[in-house]
Amino acid sequence: MLKYAIIAILSVLGLLPDPPAMAQSAGTYAITNVTVVPMDRERHLPDQTVVVRDGRIAAMGPAASTPVPDGATRIEGRGRYLMPGLAEMHAHVPPQADQAQWTEDVLFLYAANGITFARSMLGAPHHLALRERAARGEIVSPRIYTSGPSLNGNSVATPADGRRMVAEQKAAGYDFLKIHPGLDRARYDAIAEAARTAGIPFGGHVPVDVGLARALEVRQATVDHLDDFVTALLPEGAAPAGPGGFFGIYHAGAVDAARIPALAQRIRAAGVWNVPTESLIHHVLLASPTTEELLARPETAYVPPPMRAQWVQARNSQQAQPAYDAATAQRFTELRGRVIRALHDAGAGLLLGSDAPQIFQVPGFSIHHELRVLVAAGLTPYQALATGTRNVAVFLGEEGQAGTVAAGQRADLILLEADPLADVANVRRRAGVMVNGRWLAEAQIRARLAEIAARYRS
Ligand SMILES: [Zn+2]
């Protein structure tokens with residue numbers, strides 16, 4: 001009796017390993033007779049057998065000539081499509097150390113949606129241990145690549161402070177540094193210089209006092225949310241008038257759109273990558289879908305009711321601003337769509353990220369919305385999927401290791417019932433996900449999703 005009480009307590013605290021059904025370790029699998037969408041270029045490889053062993057793709061070739069190893073778990077691939085796992089390049093892992101259950105739920109929601117790599121944008125000390133637990137397969141989670149705690153106008157008091165924090169975060173083992181608003185030029189420059197010396201990338205926002213031009217000069221690794229693009233596109237010499245609102249929405253009407261291609265070229269030349277998080281902008285600012293329609297989406301069931309309430313409040317407060325109207329929001333997202341398309345056309349780096357779990361961005365599920373809006377901006381399904389697969393490998397310097405489906409690559413894969421190159425919506429039609437060499441069949445995924453929904457029933 002006591003034993004069960006202890007197990008129940010540990011389980012509530014999130015201190016137990018996954019239940020046995022989910023605790024399948026990385027083993028040997030063969031996905032047979034599958035159409036591979038390798039994402040090295042736009043093509044299909046029909047009737048392949050893909051052998052996975054200990055977290056890597058051990059072999060891949062025509063089914064007729066690729067043997068299934070003895071003892072391998074067979075996964076039926078006939079009529080199905082196998083693509084690389086996706087990255088969420090603007091992910092959040094709950095920063096609070098005392099929210100173990102919600103944290104594991106968030107990581108599962110990512111993995112359940114085929115996200116096998118999460119660039120975590122607001123690091124906390126306990127995330128370093130979480131990163132190792134994920135790598136060892138102790139939790140169902142994407143591979144975690146984490147920033148340190150936020151560098152912003154409040155957390156960094158002086159340039160010397162900035163230099164000290166860069167050195168500390170590098171020494172602690174964080175993967176990169178997160179830039180937030182509020183840094184003046186002196187503190188930002190000190191951080192950029194220290195980061196270059198320490199060999200740690202920095203990315204995120206573009207502080208107002210810094211500006212996009214300076215961020216390009218010092219080669220900020222990523223500009224997220226298309227931050228400061230509106231200001232950078234104002235006519236030469238024009239000063240922004242009045243408050244800009246959410247990512248510059250209220251200055252967007254003054255933009256000289258003819259400047260977009262040249263700006264995109266400068267970004268490409270600087271080698272700076274872009275994580276638009278465009279579905280976040282849509283979900284916060286656009287009048288349609290309505291708040292009620294967003295709340296009615298089935299995926300909303302997977303987040304705690306207080307978080308849903310915060311989302312409603314945050315969206316309402318943006319749309320209640322005196323300068324807000326639906327047509328302005330519509331024009332703003334159209335402008336951003338043109339910028340995304342121009343970045344793509346210029347060959348500037350685009351990465352897939354949706355800023356979950358910010359406002360109406362349900363972890364994992366929001367990546368499907370991000371793919372949809374990238375296609376709406378003018379990318380093909382292949383180009384949109386590349387932002388979350390092969391582009392990520394290029395960004396990380398992991399070509400040949402991750403981001404495509406080929407022998408020798410990490411076994412981070414999504415098995416689909418329909419062709420993702422025909423329609424990105426088909427990425428929702430999962431048969432299962434292979435995350436870090438561990439197979440999650442769709443039935444297992446649905447069972448655990450149901451548990452999560454039950455936990456957060458309002
Ligand atoms: Zn964020």
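Which residue stands opposite Thr 222 in S11?

What we have is a predicted model, where local features need pLDDT of at least 70, side-chain atom pairs count only at pLDDT 80 or more, and totals for chains, interfaces and linings use all residues. Residue numbers start from 1 along each chain, as its sequence is written.

Okay, the overall picture. The protein chain has 16 helices and 15 strands; those are DSSP runs, H or I of at least four residues for helices and E of at least two for strands, numbered from the N terminus. Its radius of gyration is 22 Å, close to the 23 Å that the globule rule gives for 458 residues, so the chain is as compact as a globular protein of that length. That radius is taken over C-alpha atoms, and the rule is 2.2 Å times the number of residues to the power 0.38. Along the principal axes, the C-alpha trace spans about 70 × 55 × 50 Å. Of the 458 residues, 46% are buried, where buried means 20 or more other C-beta atoms within 10 Å of a residue's own, exposed means 12 or fewer, and partly exposed is in between, with C-beta atoms placed from the backbone.

Back to my opening question. The residue opposite Thr 222 in S11 is Gly 203. Strand S10 (residues 202-204) and strand S11 (residues 222-224) run parallel, joined by two bridges; for two strands to pair, DSSP has to find at least two bridges between them. They belong to an open sheet of four strands, in the order S9-S10-S11-S12, with parallel pairing. S9 (177-179) and S12 (273-275) stand at the edges with a single partner strand each, so one side of each has no neighbour in the sheet. On average, neighbouring strands here are turned by 25° against each other, direction ignored.

Now over to S14, residues 430-435. Six of its six residues are buried, so to speak a mostly covered strand. What does S14 pair with? On one hand there's S13 (residues 413-416), antiparallel, through four bridges, with Leu 413 partnered by Met 434 in S14. Then there's S15 (residues 438-441), also antiparallel over four bridges, where Val 433 has Leu 440 as its bridge partner. S14 and S15 make a hairpin with two residues between them, and Asn 436 in that turn has a positive phi of about 55°.

Last stop, helix H9, residues 278-285. H9 packs against H12 (residues 326-346) at about 175°, axes 10 Å apart. For the record, axes are lines fitted to C-alpha atoms, for helices over the stretch in contact, and angles run from 0 to 180 degrees between N-to-C directions. H9 and H12 are therefore roughly antiparallel; the classes are under 35 degrees for roughly parallel, over 145 for roughly antiparallel, 65 to 115 for roughly perpendicular, and oblique for the rest. On the H9 side, Glu 278, Ile 281, His 282 and Leu 285 meet residues of H12 including Phe 332 and Arg 336, where contact means C-beta atoms, placed from the backbone, within 7 Å.

H9 also packs against H13 (residues 365-376), at about 95° with axes 8 Å apart. That makes H9 roughly perpendicular to H13. Glu 278, Ser 279 and His 282 of H9 make this contact, with His 369 and Glu 370 among the H13 residues.

That's my tour, thanks.

Notes. Contact = placed C-beta atoms within 7 Å.
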